[in-house]
Amino acid sequence: MTHPFHNLYSHGFARVAVGVPECRVADPAYNATQTIELARQAADRGAVLVVFPELGLPAYTCDDLFHQRALLRECELALQRIVEASTGIRAAILVGMPVLVEHQLFNCAVVVANGVVQGVVPKSYLPNYWEFYEARQFSSGDCAAVDTVSLLGAEVPFGANLLFDIENIPFFRFHAEICEDVWVPIPPSSFAALAGATVLVNLSASNIVIGKSGYRHQLVSQQSARCLAAYLYTSAGKGESTTDLAWDGQALIYENGELLGESERFADTSHLLFADVDLERLSRERMHQTSFGQSVRRHKDEVEKFDVVAFRMELPTGQDLPLERKVERFPYVPADPRRRDERCMEVYNIQVQALVQRLSSSRMQKVVIGVSGGLDSTHALLVCAKAMDRLGLPRANILAYTMPGFATSDRTLKQARELMEVVGCTAREIDIRPSCLAMLKDLDHPYARGEAVYDVTFENVQAGERTNHLFRLANHNGAIVIGTGDLSELALGWCTYGVGDHMSHYNVNASVPKTLISHLVRWVADTGQVLDTGKDVLLAVLDTDISPELVPAGTAEDGQDEAPGQKTEQIIGPYELQDFNLYYTLRYGYTPSKVAFLALHAWGDVARGTWPNGPHVARNSYQLPEIKRILGIFVDRFFRTSQFKRSCIPNAPKVGSGGSLSPRGDWRAPSDGESAVWMRDLDRIPDEAG
C-alpha cells in the first residue's frame, strides 16, 4: 500500500514542466497536436503545470500574418482542442496565442485547466527595436479597456494583473508574463510576487544570438532570487521561420536564484523540462526575510491591482512519486571540485580575517590553543597560523598545548606533536593525569580508589582540567584562548558545558560544520596553504576516528578492545547525516518528516548512480529506518537538551548562509524548550521504506 510519505506533494513540493514543441509556422492545428501530446506527457509524470512558448499556437514568426482573420480563427479552433483535451490532463496548461479584444490584438498567455479557459494574460511590454517590431502587430496589455474577454463562447478573466491559485496545493500561486516583460527594469512578475505568486512563468519566443543564452540565465536567476520565487522560462525552438533569425528553444527553471534545470538547446524534436519546486521553502524564505513584507507595504497600490483566479487540480497523490530534484548529500560542501575549492578558500579567509580583527582590536599578539591531534583543533591551529602571518607576527606567538589524559591514544598524541612542529608554533605538552587524579580524589570518585569507573564525571574532569589550564596559561602569557568546537557539536550538544569545545575567548570554528571542516583540512593539505610540509600529518588526522578520547580503550559499551575507547559517531550518529539534518532544520525550518524524505532521496539509493566523485564520496548509504533513528537523535538533542549550551557561546564568525547557532545571530531559542512537536512529526515517517 502506498504511504503518503513517499509522494513529493506531501512535503511541500510541486512538479512543474516547461515544454518546447516543434512547430510549423501558421499551422495552429499541427502546433496544438504537439502541445497536447507534451501536456499529456507532463501530467503523466506528475506535473501540475506545463508552460509553452510565446505565440506557440500560430508560431512567433508569423509577422503580418497575425492580422489575417483566417489565422486568428484557426488559433481559436486549436485552443478549443486543447481545452477539450485538458479534461483528461491533470495539469494546468499555458499556451501562447493572439487574442482579439475590442478591435485590438493582444499577444497573450492563455491558462487552461479542467476543460476551462481559466484566464487570459496579455503581454505588457512590446519590443520595437533591433529585430523586433511587435508594436506593428499587437497592442500592449495596458491598452485594454476590459477585464473579461469572450473566448470560445465564454466570458473569462482578462488582464496582466491576474494570479492563478491552485487551491489544493499549499503556496502554489502562479503568474504569467511574456518575453520582454522580464527584460524591463521592473517586470510585472515583481509585483505579482509581492501579491503572493510563488511560481512565475514566462512564455517567450526569444531568438538566439551570441551571448544571449548566458544573459537569459542571469536574467531568470536574478528575477527568481529577488522575488523569492520559482521562475519557469520557455522559448521558441525548431520550426520557427529562419528568414532572418535563428531559434534555440532554451528552457530554464530557477528557484530563488538556483538553477533546477535547463533543456537541450537546438533540439531536433519536441521536448519537456521538469523540476520539483519547493513551495514551502519559498514561503519560508519570504516569511524569514522581513524586507519582503516591507516591499509589499511600499507597493501596496500595485499589489492591490491583482485579481486571483482559483481552481483545483487532481493531484497524483495515490501513488509513490519520488523527488526528481538534485539534493546534495553534503549541503555545506559543494560536490563540484572547483566550487568546493572556492568555498574552502572563502570560509578559511572568513575565519582568518575574523581572528585577525579580534587580535588587533584586543591588542593581543598571542593565542593559546589546545591541540588534540583531532580534526577540529587541527583546523583551528591552521587558522591561527595564517592569522599570525597576516598580522606579521611569528608563529611562535601561537602557544599550543597538547594535554594527554587517561584515554589519549598514541596515534593522536603523535599527530598533535607532528602538527605543532610543522606549523612552527610554540609547542608544549602537559600531562593532565596528576591534576585530574587530584580532582577525582577531592570528589571521592571510585576511580581514585582504583575502581574502573568511567562515568560522565570521569570524562568531564579531564575536559575541565584541559580548559582550566588553557585559560590560566592565557592569563599567564597575555593571550586569548582560541576555541575549537564546531557547529555540528553545538547542534547536537556534543560538548561539555564550560570547557574547551564549548568555552573560549574566541571560537573560529563555531559556525563551521564537521563535514566542512574535514574538507577545509583536506584543502589545506592539497593546496599547500599554511604549510610548506606536513601534508602527511593532515591526511592522517583526516583518517582518524572522531573521538573525545575520555574513556580508555577496551571500555566502550561493546566491551571490545579498540582505539579509541569511544567513537563519537556510534553514539550521536554519523556526522555526514547529522549535518544534513542540521542544514535543513536550521536553514529552512523543515519538519523532521520532510528532512527524512530529502535524506532518503539523497542517501537511500546507491544504485541511482549519483555519488559524488573524489574525496566527496560518502562512506555509507542509509535506508529509511536508519534515517529515522538518526534523525530522532538529532531532533531530541537539538530541540530539548542542548540549547542551554548554545545560549552562552563565545563570539565566533558566521561563515555561511546555512546558518549559525549564536544567540546573537541566526538562532534564538529557549533553553528549557521541549522537542515533543518535532518528535510527533517524526512519527509520521513510516518504519519501512514502503
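# Exercises on a two-domain predicted model

Domain 1 (8-311) and domain 2 (337-553 + 568-683), whose bounds come from an automatic or database domain assignment, both give residues to the lining of the second largest pocket, so this pocket lies between them. The model is a predicted one, in which local features need pLDDT of at least 70 and side-chain atom pairs count only at pLDDT 80 or more, while totals for chains, interfaces and linings use all residues. Residues are numbered from 1 along each chain as its sequence is written, and side-chain values use heavy atoms, with hydrogens and water left out.

## Exercise 1: the second largest pocket

Task: describe the volume of the second largest pocket and the make-up of its lining.

Solution. Begin with the terms: on a 1 Å grid over the protein atoms alone, a cavity is a set of points where a 1.4 Å probe fits but cannot get out, whereas a pocket is an open set with protein on both sides within 12 Å along at least five of seven lines, and lining residues have an atom within 4 Å of a point. Grid points are joined across faces, edges and corners, and a volume is the space filled by probe spheres set on the points.

The volume of the second largest pocket is about 1,100 Å³. Among the 42 residues of its lining, Glu-258, Glu-328, Pro-331, Arg-339 and Tyr-583 are the closest to the centre.

Next, assign the lining to elements, where helices (H or I, at least four residues) and strands (E, at least two) are DSSP runs numbered from the N terminus. At least two lining residues are supplied by each of β13 (258-262), β14 (271-278), α8 (337-361) and α17 (575-586), and α8 gives the largest share, five residues.

Finally, sort by class: Ala, Val, Leu, Ile, Met, Phe, Trp, Tyr, Cys and Pro count as nonpolar, Asp, Glu, Lys and Arg as charged, and the others, Gly among them, as polar. The lining then divides into 23 nonpolar, six polar and 13 charged residues.

## Exercise 2: the largest cavity

Task: state which residues line the largest cavity and how they divide by class.

Solution. The count of cavities of 30 Å³ or more comes to three, and the largest cavity has a volume of about 50 Å³. Its lining consists of Val-20, Pro-21, Cys-23, Pro-53, Gly-56, Ser-235, Ala-236, Gly-237 and Glu-240. By class, five of these are nonpolar, three polar and one charged.

## Exercise 3: annotated positions

Task: is Tyr-129 buried, partly exposed or exposed, and how does Ser-206 count?

Buried means under 20% relative accessible area, exposed over 50%, and partly exposed in between (1.4 Å probe, protein chains only). Tyr-129, found in the loop between β5 (116-122) and β6 (148-151), counts as partly exposed because its relative accessibility is 38%. Ser-206, in the loop between β10 (199-203) and α4 (212-227), has 2% relative accessibility and therefore counts as buried.
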